[in-house]
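Here is a short report on how one protein chain is packed. Please keep the sequence and the 3D view at hand while reading.

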Amino acid sequence: MPSRIDVIEPHEAEDEAVGALLRDARDGWYGDAAFFGAMAHRPELFERIAAVFEAFPRSERVDAATLELMRLRVAAVNRCAYCATVRTREVADDVASKEDAVLCGTADLDALDDREALAVRLADAFASDPHAITDDLIDDLRDAFGEEGLVELLAFAALEVGFDRFCIALQLDTTEESEYPTGLRYPFDPEEETSK
């Protein structure tokens with residue numbers, strides 16, 4: 001199914017800074033420029049959003065692989081086909097063996113280390129029902145990640161939930177030139193994916 005919006009390709013960007021960000025997304029970040037190419041319809045907003053993404057991870061207690069597991073869990077809960085398909089290249093190899101644990105109907109927390117499991121529990125609750133985030137979970141997260149790390153995890157989860165829904169609303173598909181399959185089907189079915 002084609003995206004509901006024409007994404008701006010790197011060579012189509014009128015602003016050189018926007019074109020550079022799109023090339024970074026295509027050649028590095030996700031290995032696909034569709035998400036940022038959709039955002040590029042509003043160049044000023046896109047540049048600020050890209051800067052926010054570049055701000056993660058910031059604290060010494062939160063690592064990029066943990067954030068990627070959270071991102072994938074949010075994708076499974078929200079059933080975002082695009083977000084469940086693309087990978088943050090920087091940590092793709094680090095999380096590959098744990099993808100099945102988070103891209104499924106119910107996360108397999110036993111397949112994750114303690115800190116990853118806590119972060120994935122937060123992502124799961126944040127995406128499905130933030131009222132289900134308990135005092136105990138917050139305390140456990142604070143103990144494991146510190147106050148700065150807790151805030152970083154919450155902010156990241158909030159961004160991911162919102163941007164997953166942005167992708168879902170646009171039925172965003174990967175670009176033809178990326179390494180990922182095209183013709184993504186919405187809603188993403190995590191149970192179907194794990195049975196392949």
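## Nonpolar cores

This is a predicted model. In soluble globular proteins, nonpolar side chains tend to be buried together. Here the largest nonpolar core has 47 residues. Within this core, Phe35, Phe46, Tyr82 and Leu172 touch the most other members. Several elements give two or more residues to the core: helix 1 (16-29), helix 2 (34-39), helix 3 (43-54), helix 4, helix 5 (81-85), helix 7 (99-102), helix 8 (114-128) and helix 9 (135-170). Helix 4 gives the most, with six residues.

Look next at Tyr82. Leaving aside residues up to four places away in sequence, Tyr82 touches Asp32, Ala34, Phe35, Cys167, Leu172, Asp173, Thr174, Leu184 and Tyr186.

## Two helix pairs

Two packed helices are described by the angle between their axes and the distance between the axes. The table sets out these values for two pairs.

| Helix pair | Axes come within | Crossing angle |
|---|---|---|
| Helix 8 and helix 9 | 9 Å | roughly 45° |
| Helix 1 and helix 3 | 10 Å | roughly 45° |

Take helix 8 and helix 9. Their axes cross at roughly 45°. That angle makes helix 8 oblique to helix 9. Helix 8 passes helix 9 in a right-handed crossing. On the helix 8 side, the contact uses Arg115, Leu118, Ala119, Arg121, Leu122, Phe126 and Ala127. On the helix 9 side, the partners are Leu137, Asp140, Leu141, Ala144, Phe145, Leu153, Leu154, Ala157, Ala158, Val161 and Arg165. By class, this contact has 14 nonpolar, no polar and four charged residues.

Now helix 1 and helix 3. Which word describes how they lie, oblique or parallel? Helix 1 and helix 3 are oblique to each other. Helix 1 passes helix 3 in a left-handed crossing. Helix 1 brings Ala17, Val18, Leu21, Leu22 and Trp29 to the contact. Helix 3 brings Pro43, Phe46, Glu47, Ala50, Phe53 and Glu54. By class, the contact of helix 1 with helix 3 has nine nonpolar, no polar and two charged residues.

## Backbone features in the loops

Two cis peptide bonds come next. One joins Phe56 and Pro57, with omega about -15°. Pro57 lies in the loop between helix 3 and helix 4. Another cis peptide bond joins Tyr186 and Pro187, with omega about -10°. Pro187 lies in the loop between helix 9 and helix 10 (190-194).

Arg79 has a phi of about 65°. Arg79 sits in the loop between helix 4 and helix 5. Gln171 has a phi near 50°. Gln171 is found in the loop between helix 9 and helix 10.

Are these two residues buried, or are they partly exposed? Arg79 is partly exposed, with a relative accessible area of 37%. Gln171 is buried, at 10%.

Ala65 is found in helix 4 (residues 64-78). Ala65 counts as buried because its relative accessibility is 13%, and buried means under 20%. Val7 is 58 residues from Ala65 along the chain, and their C-alpha atoms are separated by 28 Å.

Thr66 also lies in helix 4. Thr66 is buried, with a relative accessible area of 3%. With residues up to four places away in sequence left out, Thr66 touches Glu116, Ala119 and Phe145. Ala119 of helix 8 and Phe145 of helix 9 also take part in the contact between those two helices.

Terms used: Residues are numbered from 1 along each chain as its sequence is written. This is a predicted model: local features need pLDDT of at least 70, side-chain atom pairs count only at pLDDT 80 or more; totals for chains, interfaces and linings use all residues. Side-chain values use heavy atoms; hydrogens and water are left out. Helices (H or I, at least four residues) and strands (E, at least two) are DSSP runs, numbered from the N terminus. Buried means under 20% relative accessible area, exposed over 50%, partly exposed in between (1.4 Å probe, protein chains only). A nonpolar core is a set of buried Ala, Val, Leu, Ile, Met, Phe, Trp, Tyr and Cys residues joined through side-chain atoms within 4.5 Å. Contact means heavy atoms within 4.5 Å. Axes are lines fitted to C-alpha atoms, for helices over the stretch in contact, and angles run from 0 to 180 degrees between N-to-C directions. Angles under 35 degrees count as roughly parallel, over 145 as roughly antiparallel, 65 to 115 as roughly perpendicular and the rest as oblique. A crossing is left-handed if the near helix is turned anticlockwise from the far one by less than a right angle, and right-handed if clockwise. Ala, Val, Leu, Ile, Met, Phe, Trp, Tyr, Cys and Pro count as nonpolar, Asp, Glu, Lys and Arg as charged, and the others, Gly among them, as polar.
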